[in-house]
Amino acid sequence: MEQQPARPRRETRLDTYVERYAARTRGMTASEIRALFSVASRPEVVSLAGGMPNISGLPLDSIGEMVQELVAEQGAVAMQYGSGQGAPELREQICDVMRLEGIDAHPDDVVVTVGSQQAVDLVTRIFCDPGDVVICEAPSYVGALGVFRAYECDVVHVEMDDDGLRPAALRDALATLEASGKRVKFLYTIPNFHNPAGVSLSLPRRQEILDIAREHDVLVLEDNPYGLLGFDESPRRALRADESERVVYLGSFSKTFAPGMRVGWALAPHAVREKLVLAQESSTLCPPSFSQLMISSYLAGQDWMGQVKAFRELYRERRDAMLAALHDLMPTGTTWTVPEGGFYVWLTLPPGLDAKAMLPRAVTARVAYVPGTAFYADGYGSQCMRLSYCYPTPERIREGVRRLAAVIEEELDLVETFGPSTHALQRSYDTPNTDLT
Amino acid sequence: MPQSGKKSGAHPGRVLVLAGGLSHERDVSLRAGRRVADALRSAHVEVEVRDVDSSLVPALRDDPPACVFPLLYGEAGEDGTLREVLDLLGLPYVGSRPAASRLAFDKPVAKEIVRRAGIATPDSVTLPHETFKEVGATALMGALVDRLGLPLVVKPTRGGSALGCSVVDQAADMPGAMVGCFAYGPFALVERCVRGTELTISVLDTTDGPRALPAVEIRPVEGRYDYSARYTAGSTEFVTPAELDDAVAEQLATLAVTAHEVLGLSDLSRTDVIVDDEGVAWFLETNVAPGMTETSLLPLAVEAAGLDLGEVCADLVNTAIDRR
């Protein structure tokens with residue numbers, strides 16, 4: 001048999017730099033799950049996975065005119081570097097926005113960031129050394145967990161229930177950590193319309209959490225991207241409204257205006273704010289001037305509160321569609337939370353099912369979700385999944401839930417045959433699981 | 001250099017690279033599509049890349065390309081379905097015919113065909129989920145372990161990129177492996193696990209008939225050659241050509257070409273084998289649509305042979321056009 005003449009032998013790992021990467025890149029590998037999400041972007045698939053704000057209702061024509069005007073009148077400023085802390089006028093407007101949640105803040109204490117995601121990054125950068133403990137809810141926002149992982153923090157999850165973070169569990173966790181000599185740098189919490197859990201911290205608990213933070217001398221990182229997107233009532237009072245020295249508050253225009261702007265902010269005590277500005281300057285020099293001026297013009301010249309109200313109604317319609325579909329279609333033993341705002345429902349599968357192992361079957365059935373393990377730093381959450389209702393139409397949401405219910409039925413059949421999955425870590429946390437069935 | 005009826009530098013006209021689709025391997029397909037398109041452009045071939053969706057057939061009828069280069073993986077892409085559509089439209093395409101694709105894509109069928117040609121392949125059993133349900137999973141899994149021994153391999157009968165594939169070292173891990181496998185398809189191939197040197201041999205089949213490229217040895221840095229090890233640069237060490245005695249290299253080349261021929265494949269294929277400690281080469285599977293990403297094995301073999309991927313792809317295109 002004829003063979004091609006070969007070149008001299010070589011050994012290759014197809015990456016010249018493989019021995020030079022930092023240890024923290026170790027987990028940066030291709031994954032089956034990430035690859036499956038490639039299919040979720042196709043229109044044939046009902047994606048209940050992504051948390052993309054539904055910006056279909058934005059008045060793009062008038063925003064276009066606003067851009068033209070901005071370039072004509074402030075083009076030289078908009079195209080130039082700006083302050084590392086952010087544009088002064090926008091910081092004043094941000095204080096007006098935060099006043100809706102009871103926060104009385106000075107623009108000097110606001111640092112504009114590239115989305116609130118960068119604010120999480122900057123706060124972690126200035127506070128955390130490798131091995132420092134960050135306390136998070138169980139489950140917690142996947143983007144924040146990624147930041148904590150990048151800074152090599154030790155994430156400790158604390159249980160939630162339908163009223164949000166459980167104070168007793170937080171006390172226990174802090175006592176255990178203190179007894180073991182661990183340094184807790186901050187508590188990361190999403191009090192309103194939690195991503196992914198869909199629940200909110202009840203008002204009585206807000207004070208209790210602040211009391212615990214004071215007792216144990218713990219900083220609170222309050223991440224509040226969805227605070228203005230509550231369905232049934234006016235904005236809830238922020239933790240920061242009642243505690244200015246121990247809370248760093250993070251806000252964002254990604255959900256109330258447009259994520260493409262990439263503008264968020266941190267409100268921090270004076271000394272912390274100084275360090276955040278320095279960290280911001282070494283990270284990006286300054287947040288983008290153009291986006292900041294755009295948002296400033298939008299807040300000043302458009303009915304942005306009216307737009308937020310329209311968003312709330314759009315999301316409420318979709319939330320209702322998802323809850324109705326879950327109620328009508330889900331197999332017995334499946335439970336879920338009932339969000340009063342925001343984008344997400346947290347669904348717990350019947351015992352023995354593993355949302356991650358089930359995902360290929362779901363993609364085959366043309367429906368996608370995010371497996372619960374993405375929202376834990378320790379591998380738990382396999383029995384849960386996050387469902388987003390923010391983007392698909394109500395009809396598509398119902399169709400997606402119908403497909404998902406069929407997938408769960410098939411998986412139940414499989415588990416009945418083979419027994420529960422032994423691959424996944426068994427659930428050890430209490431998680432929000434309001435049962436509407 | 002591979003030979004073809006036309007010089008590789010010839011301009012065959014517009015080549016349509018199909019990549020994407022709706023299979024679990026969409027991401028791999030998109031990456032392969034980009035790489036082949038770049039390779040063809042480097043050989044001065046006009047290329048268009050497009051996804052497969054409901055507008056495909058009208059587009060192919062309205063503006064037929066000179067040749068289609070399908071780079072779709074998983075169902076439809078490799079089971080011959082898409083190739084049936086291309087045949088229906090009378091379009092030349094790179095790769096195997098539909099019937100041959102169907103045979104080779106089904107791992108148990110392919111194993112049986114090559115076994116009859118005298119090639120060793122690990123003992124295996126193929127069963128659907130329904131059978132486990134009907135006759136009792138515990139007893140059946142026990143019987144599988146008794147018959148095939150441990151460790152064993154559980155994998156979907158149709159599919160690639162090691163998706164849904166598990167190595168079972170102890171019986172207690174069997175149920176999880178079965179559940180993981182059936183998430184990707186209704187049939188499971190349970191196979192005796194052969195330990196040894198993992199190798200792959202690519203075959204190019206242009207005008208002068210099939211010829212093997214140098215074998216590539218696969219050495220995962222940690223664990224096994226799973227999805228992550230396949231598509232994360234740096235996770236696997238590849239040795240090209242593999243460190244083999246000339247006689248073994250010759251044997252593997254013959255094995256790969258024989259598999260290609262008995263399965264009735266065309267243009268290109270890639271056969272995965274394991275050579276055990278006694279020097280026996282065990283056939284695992286033949287890929288109808290070998291991977292073409294930055295970390296895939298056929299491009300490594302092309303490079304090891306001293307060939308240029310763009311020239312090879314252009315030759316394959318010209319061969320497909322000449323076949324019409």
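**Notes on the A–B contact and the core**

1. Let's start with α8(B). Nine of its nine residues are buried, so this helix is largely enclosed by the rest of the structure. The buried set is B:M174, B:P175, B:G176, B:A177, B:M178, B:V179, B:G180, B:C181 and B:F182. Do keep in mind that this is a predicted model.

2. On to where the chains meet. Chain B puts 49 residues into the contact and chain A puts in 37. On the chain B side, the elements giving two or more residues are α1 (26-42), α6 (129-135), α8 (174-182), β9 (209-212), α9 (227-231), β11 (236-240) and α10 (246-262).

3. Strand β1 of chain A (residues 10-12) is joined to β11(B) by three bridges, and the two run antiparallel. Within this pairing, A:E11 sits opposite B:V239 of β11(B).

4. Now the core. The largest nonpolar core counts 230 residues, and A:A266 and B:V317 have the most contacts inside it. As general background, nonpolar side chains tend to be buried together in soluble globular proteins.

5. If you want one residue to look at in the viewer, take B:V317. Which residues does B:V317 contact, leaving aside its neighbours within four places in sequence? They are B:P12, B:V15, B:V45, B:C67, B:F69 and B:V94.

Notes. Residues numbered from 1 in each chain as written. Chains lettered and ligands numbered in written order. Predicted model: local features only at pLDDT ≥ 70, side-chain atom pairs only at ≥ 80, totals over all residues. Core = buried A, V, L, I, M, F, W, Y, C linked by C-beta atoms within 7 Å. Buried ≥ 20, exposed ≤ 12 C-beta atoms within 10 Å, placed from the backbone. Contact = placed C-beta atoms within 7 Å. Helix = DSSP H or I, 4+ residues; strand = E, 2+ residues; numbered from the N terminus. Pairing = 2+ DSSP bridges.
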